[in-house]
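I opened this model to go through it entry by entry. My notes follow, in the order I looked things up.

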Amino acid sequence: MKKISAAAFCISLFMASCTPKASTAGPIGPAVSTAEQIAQGKTIFENACGRCHKLPDPTAHTSVQWVGIMNSMAPKAKLTDEQHQWVYDYIVSVKK
Ligand code: HEC
């Protein structure tokens, strides 16, 4: 239930921004997520990215390296495209 309403909320945000497919094409650009989405990214990161290895340190890699790491790790963590984007934006937000 909670998950479904969160997803519906996020879909509406994506529709409002008119770029629903942005995260699937090539390298991800500068942070486009809202603070709300970045907060979700942090939660997803903490829950999904420490299962197979210890939680990675966002500052241990550059934002460019993180694009490649996330491209290989998002499928392992079974993230949706949106979750992939939010986790990436969270990681990059930690580095600034
Ligand atoms: C299903 C298991 C699994 C999950 C879930 C997972 N990882 Fe990994 N991760 C691995 C394995 C296995 C390796 C080492 C082999 C490799 O690089 O593919 C690794 C390596 C890494 C590395 C080191 C890469 C490098 O080049 O030094 C980072 C950083 C990383 N993962 C981040 C993440 C993040 C962020 C998430 C969450 C989105 C995540 N992982 C979720 C299995 C997983």
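This is a predicted model: local features need pLDDT of at least 70, side-chain atom pairs count only at pLDDT 80 or more; totals for chains, interfaces and linings use all residues.

I began on the face of H2 turned away from its buried side: Ala35 and Asn47 are the exposed residues there. My cut-offs: buried is under 20% relative accessible area, exposed is over 50%, and partly exposed is in between, with a 1.4 Å probe and protein chains only. Helices (H or I, at least four residues) and strands (E, at least two) are DSSP runs, numbered from the N terminus.

Residues are numbered from 1 along each chain as its sequence is written, and side-chain values use heavy atoms, with hydrogens and water left out.

**Helix H2**

Which residues of H2 are buried? I found Gln37, Ile38, Gly41, Ile44, Phe45 and Ala48. They sit on the same side of H2, because they cover an arc of only 115° around the axis. The arc is that of the directions from the helix axis to the C-beta atoms.

I then checked the length. H2 has 14 residues and spans 20 Å from first C-alpha to last, close to the expected 20 Å at 1.5 Å a residue. The expected span is 1.5 Å times one less than the number of residues.

**Salt bridge**

How many salt bridges does the structure hold? I found 1. A salt bridge here is a side-chain nitrogen of Lys or Arg within 4 Å of a carboxyl oxygen of Asp or Glu. Lysine 42 pairs with glutamate 46, and their closest N and O atoms are 2.8 Å apart. Both lie in helix H2, 4 residues apart, about one turn of the helix. An α-helix has 3.6 residues a turn, so residues three or four places apart point the same way. Lysine 42 is partly exposed at 36% relative accessibility. Glutamate 46 is partly exposed at 40%.

**Iron site**

What coordinates the iron atom of the ligand? From the protein I noted His53 (NE2) and Met73 (SD), at 2.0 to 2.2 Å. The pair links distant parts of the chain: histidine 53 is in the loop between helix H2 (35-48) and helix H3 (63-76), methionine 73 is in helix H3, and they are 20 residues apart. Donors are N, O and S atoms within 2.8 Å of the metal (3.2 Å for Na, K and Ca); water is not among the atoms, so sites may look incomplete.

I looked at the geometry next. The 6 donor atoms subtend angles of 87 to 180° around the iron atom, which makes the arrangement octahedral. Six donors count as octahedral if opposite donors are over 155 degrees apart and all others between 65 and 115.

Histidine 53 is partly exposed, at 38% relative accessible area. Methionine 73 is also partly exposed, at 29%. I also checked methionine 73 against alanine 48: 25 residues apart in sequence, 9.8 Å apart C-alpha to C-alpha.

**Lysine 78**

Lysine 78 lies in the loop between H3 and helix H4 (81-95). Its phi is near 55°, a positive value in a residue other than glycine. Lysine 78 is exposed, with 70% relative accessible area.

**Whole chain**

I closed with the totals. The protein has 4 helices and 0 strands. Of its 96 residues, 29% count as buried.

Notes. Four donors count as tetrahedral if all angles lie between 85 and 135 degrees; four count as square planar and six as octahedral if opposite donors are over 155 degrees apart and all others between 65 and 115; anything else is irregular.
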